[in-house]
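Subject: Structure handover

Hello,

Here is the structure to take over. Please open it beside this message, and read on for what was found.

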Amino acid sequence: MTARIIDGKAIAAALRETIATRIAALPYRPGLAVILVGDDAASTVYVRNKDRAAKAAGLNASSIRLPAETSQSSLLATIQSLNDDPDIDGILVQLPLPPHIATDVIIRAIDPAKDVDGFHPDNVAALALGAPSLVPCTPSGVMHLLHAAGTNISGARAVILGRSNIVGRPMAALLLAADATTTIAHSRTTNLPDECRRADILIAAVGRANMVTADWINPGATIIDVGINRTPDGTLTGDVDFAASL
């Protein structure tokens with residue numbers, strides 16, 4: 001069977017155009033604040049890309065860069081200021097945070113209505129109850145890819161590799177809401193390749209380079225590779241062995 005590659009770049013470009021059109025029709029420019037604590041190289045790249053994409057879409061985006069030694073109380077004060085600012089509609093705190101700052105405390109401090117990452121417990125609970133408000137961006141993006149590619153989700157057997165709060169768990173909730181028969185697999189799953197071979201839809205989000213090989217894949221399955229891994233030679237690769245799986 002010949003593989004069909006989902007053109008994620010084309011789908012993303014079309015989505016950005018749609019968002020820009022919707023924003024242009026608003027009577028105001030929505031405000032987005034992105035907070036970066038420290039100078040982690042990967043986080044710096046992510047924040048720069050988010051800022052660029054937000055501004056291209058017409059958002060009034062700003063980045064707040066704080067030194068790595070910023071105290072938890074100081075970061076909480078910054079978040080409270082943004083919560084109270086009527087010109088800020090969305091707040092993103094780039095993770096991971098320095099080890100002296102409690103991530104769960106910071107996430108809980110964000111106004112749930114401005115928590116565009118969807119990590120606040122109120123938003124997590126709403127998603128689990130089937131009434132999502134703000135949803136984590138990666139699972140939401142995966143669902144958009146599946147729909148844009150014409151994937152039949154209802155009744156399909158979906159397997160998610162990874163159980164993180166950022167991807168795996170919210171991904172399962174979204175697929176369940178779309179009537180997929182959903183399994184979360186992880187490092188303790190027995191006969192992991194067999195579980196993957198049962199999937200009509202396989203979402204890889206474990207953070208292990210080329211972990212999923214061709215013999216793990218059900219012919220005709222839709223594969224979405226969320227993983228981003230840097231190999232010893234410095235190149236980036238996903239969780240799925242792409243070349244071998246075509």
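Is N83 buried or exposed? N83 is buried, at a relative accessible area of 13%. Here buried means under 20% relative accessible area, exposed means over 50%, and partly exposed lies in between, with a 1.4 Å probe and protein chains only.

Some ground rules before the rest. This is a predicted model, in which local features need pLDDT of at least 70 and side-chain atom pairs count only at pLDDT 80 or more, while totals for chains, interfaces and linings use all residues. Residues are numbered from 1 along each chain as its sequence is written, and side-chain values use heavy atoms, with hydrogens and water left out.

**The chain as a whole**

The chain has nine helices and nine strands. These are DSSP runs numbered from the N terminus: helices are H or I with at least four residues, strands are E with at least two. The radius of gyration is 19 Å, close to the 18 Å that the globule rule gives for 246 residues, so the chain is as compact as a globular protein of that length. That radius is taken over C-alpha atoms, and the rule is 2.2 Å times the number of residues to the power 0.38. Along its principal axes, the C-alpha trace spans about 55 × 40 × 40 Å.

Buried residues account for 39% of the 246. Take the contacts between residues at least 6 apart in sequence: 62% of them join residues at least 24 apart. Contact means heavy atoms within 4.5 Å.

The chain carries 20 positive and 24 negative charges, and their mean positions are 3 Å apart. Lys and Arg count as positive, Asp and Glu as negative; His and the chain ends are not counted. Each charge is placed at NZ of Lys, CZ of Arg, CG of Asp or CD of Glu.

**Back to N83**

N83 sits in helix α3, residues 72–84. What does its side chain reach? A polar atom of the N83 side chain lies 2.9 Å from the backbone oxygen of A109. The N83 side chain also reaches the backbone nitrogen of D111, at 3.0 Å. Such a polar contact is a pair of N or O atoms within 3.5 Å; within protein, one must be able to donate a hydrogen and the other to accept it, and residues adjacent in sequence count only if both atoms are side-chain atoms. Beyond four places in sequence, the contacts of N83 are I91, A109, I110, D111 and K114.

V93 belongs to strand β3, residues 90–93. V93 is buried at 7% relative accessible area. Setting aside residues up to four places away, V93 touches I35, I79, I106, I110 and D117. V93 and I106 are 13 residues apart along the chain, with 8.3 Å between their C-alpha atoms.

T151 is in the loop between α6 (137–148) and β4 (157–161). T151 is buried too, at 16%.

**Partly exposed residues**

P67 lies in the loop between β2 (60–66) and α3. At 43% relative accessibility, P67 is partly exposed. Leaving out neighbours within four places, P67 contacts V37 and G38. L36 is 31 residues from P67 along the chain, and their C-alpha atoms are 8.4 Å apart.

V105 is part of helix α4. V105 is partly exposed, at 33%. Its contacts beyond four places are Q72 and L76. V105 and Q72 are 33 residues apart in sequence, yet 8.9 Å apart C-alpha to C-alpha.

**Backbone points to check by eye**

Most residues other than glycine have a negative phi, and most peptide bonds are trans.

- L95 and P96 are joined by a cis peptide bond, with omega about 5 degrees. P96 is in the loop between β3 and α4 (103–109).
- D179 has a positive phi, near 75 degrees. D179 lies in the loop between α7 (168–177) and β5 (181–185), and is exposed at 51%.
- N191 is not a glycine, yet has a positive phi of about 55 degrees. N191 falls in the loop between β5 and α8 (192–197).

Best wishes
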